Amino acid sequence: MFENPSVQEPSMFIKVLYGDNEEALFNPNCRTLLLLEHIKEKVGYQPETDIDLSDENGFIVHLLRSPPLQYASDVLESRRTFILVKVSKNEDGTELVEPMLKNLQVNRPNAFERLTSSNDSRVHALDSNDKRVNRQKSKKSGKRK
């Protein structure tokens, strides 16, 4: 059989969940820096805001730590769904990860648990009333505060 050259293979895309159950499609076939900039622009974040993605199980992808010229498609599997997270540093230098999808605990309990029980970061999540839920583990005791 002959292939029709006018019929193209479906393009690569990822789905990013954020806000109040909003979603957007992005093409990961670009450099990680450009993908992160485009996501920030699409969701209305300031350029200086640091963001990253987690998979649906709450594992951070660490695009921010990737070499800026690396292609996001080398790290992200096409047609997968990711959760937008905001990343910042506390005064003591620890990483603060804030999932940017409301109702994460209800809609994606596995991701919520993993993101909020990280041993080496303090995590803030948004609950249904848009209040921050702070679940911090003490490094010494291993208990949440």
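In helix H3 (residues 109-116), the buried positions are Ala 111, Phe 112, Leu 115 and Thr 116, where buried stands for under 20% relative accessible area with a 1.4 Å probe and protein chains only. Viewed down the axis of H3, these buried residues fall within an arc of 110°, so they line one face of the helix; the arc is taken over the directions from the helix axis to the C-beta atoms. Helices (H or I, at least four residues) and strands (E, at least two) are DSSP runs numbered from the N terminus.

The model is predicted, with local features requiring pLDDT of at least 70, side-chain atom pairs counting only at pLDDT 80 or more, and totals for chains, interfaces and linings using all residues. Residues are numbered from 1 along each chain as its sequence is written, and side-chain values use heavy atoms, leaving out hydrogens and water.

Helix H1 (residues 32-43) buries Thr 32, Leu 35, Leu 36, Ile 39, Lys 40 and Val 43. Down the axis of H1, its buried residues fall within an arc of 135°, so they too line one face of the helix. Their cover includes strands E1 (14-18), E2 (22-26), E3 and E4, as judged by contact, meaning heavy atoms within 4.5 Å. Just after H1, Gly 44 adopts a positive phi of about 85°.

Turning to strand E3 (residues 51-55), five of its five residues are buried. Ile 51, Leu 53 and Asp 55 lie on one side, with Asp 52 and Ser 54 on the other. E3 runs antiparallel to strand E4 (residues 81-89), joined by five bridges; pairing requires at least two DSSP bridges between strands. Within E4, Val 85 is the bridge partner of Asp 52.

Key
Buried means under 20% relative accessible area, exposed over 50%, partly exposed in between (1.4 Å probe, protein chains only).
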